[in-house]
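Subject: Structure for you to look at

Dear colleague,

Here is the structure I said I would pass on. Please open it first, then read my notes below.

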Amino acid sequence: MNQKQRAHLEKRLLRERERALRALAQFDERAKVSQQEEDGDLTTYPLHLADEGTDTMEQEKEFLLASKEGRLVYWIDDALRTLYKDPESFGVCLECEEPIALERLDIVPWTRLCVDCQTAEEERSEAAA
Ligand SMILES: [Zn+2]
């Protein structure tokens with residue numbers, strides 16, 4: 001993957017992240033309202049994704065993983081972290097360590113698995129369900 005392709009995928013990731021965060025903010029608003037109705041206590045979920053290794057980070061992670069959009073943000077952040085800190089391993093399949101097809105990365109830039117490994121993984125989880 002060259003610099004230009006990485007820059008393109010970075011843009012895709014940032015755009016998807018913004019979209020997911022916007023959806024999440026709506027969800028968060030509803031979550032706050034129902035929380036307030038239940039016990040009168042307004043609980044907020046601050047998103048400071050730059051901070052790592054804190055209790056806040058753990059709470060955020062739990063919150064993010066509780067919804068579809070949140071999981072997406074989590075994956076996107078993970079992909080962006082790899083892209084910035086370890087660009088050589090971005091776009092490489094975690095399972096078989098082969099480069100993931102660019103056509104696939106263009107559609108799901110946060111994916112960590114190539115098509116073959118993703119299919120195998122889905123078959124495994126279907127078998128388990
Ligand atoms: Zn693979």
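Helix H2 has a face turned away from its buried side, and that face carries the exposed residues Asp55, Gln59 and Glu62. The buried residues of H2, which spans residues 55–65, are Met57, Glu60, Phe63 and Leu64. Viewed down the helix axis, these buried residues fall within an arc of 125°, so they line one face of H2.

The mean confidence in the protein chain is lowest in H2, at 75, and highest in H4, at 95. Over the protein chain the average pLDDT is 83, and 78% of the residues score at least 70. Residues 39–51 stay under 50 in pLDDT, and for them the model has 26 contacts beyond four places in sequence. Where pLDDT is low, the predicted coordinates should not be read in detail.

Next, the metal site. A zinc ion is coordinated by the SG atoms of Cys93, Cys96, Cys114 and Cys117, at 2.3 Å. The angles subtended by the four donor atoms run from 105 to 114°, which makes the arrangement tetrahedral. For comparison, the ideal angle for four tetrahedral donors is 109.5 degrees. Along the sequence, the donor residues follow the spacing C-x2-C-x17-C-x2-C. Cys96 sits in the loop between helix H3 (68–85) and helix H4 (102–107), while Cys117 is in helix H5 (residues 115–128), so this pair ties together parts that are 21 residues apart in sequence.

How buried or exposed are the zinc ligands? Cys93 counts as buried, at 2% relative accessibility. Cys117 is buried too, with a relative accessible area of 13%. As for disulfides, the structure holds zero.

Tyr84 is partly exposed, with a relative accessible area of 49%. Leaving aside residues up to four places away in sequence, Tyr84 touches Glu10 and Leu14. Tyr84 and Arg6 are 78 residues apart in sequence, and their C-alpha atoms are 9.9 Å apart in space.

Regards

Conventions:
Residues numbered from 1 in each chain as written. Predicted model: local features only at pLDDT ≥ 70, side-chain atom pairs only at ≥ 80, totals over all residues. Heavy atoms only, no water. Donors = N, O, S within 2.8 Å, 3.2 Å for Na, K, Ca; no water. Tetrahedral: all angles 85-135°; square planar, octahedral: opposite > 155°, others 65-115°. Helix = DSSP H or I, 4+ residues; strand = E, 2+ residues; numbered from the N terminus. Buried < 20%, exposed > 50% of the residue type's maximum accessible area, 1.4 Å probe, protein only. Arc of directions from axis to C-beta. Disulfide = S-S within 2.5 Å. pLDDT = per-residue confidence, 0-100. Contact = heavy atoms within 4.5 Å.
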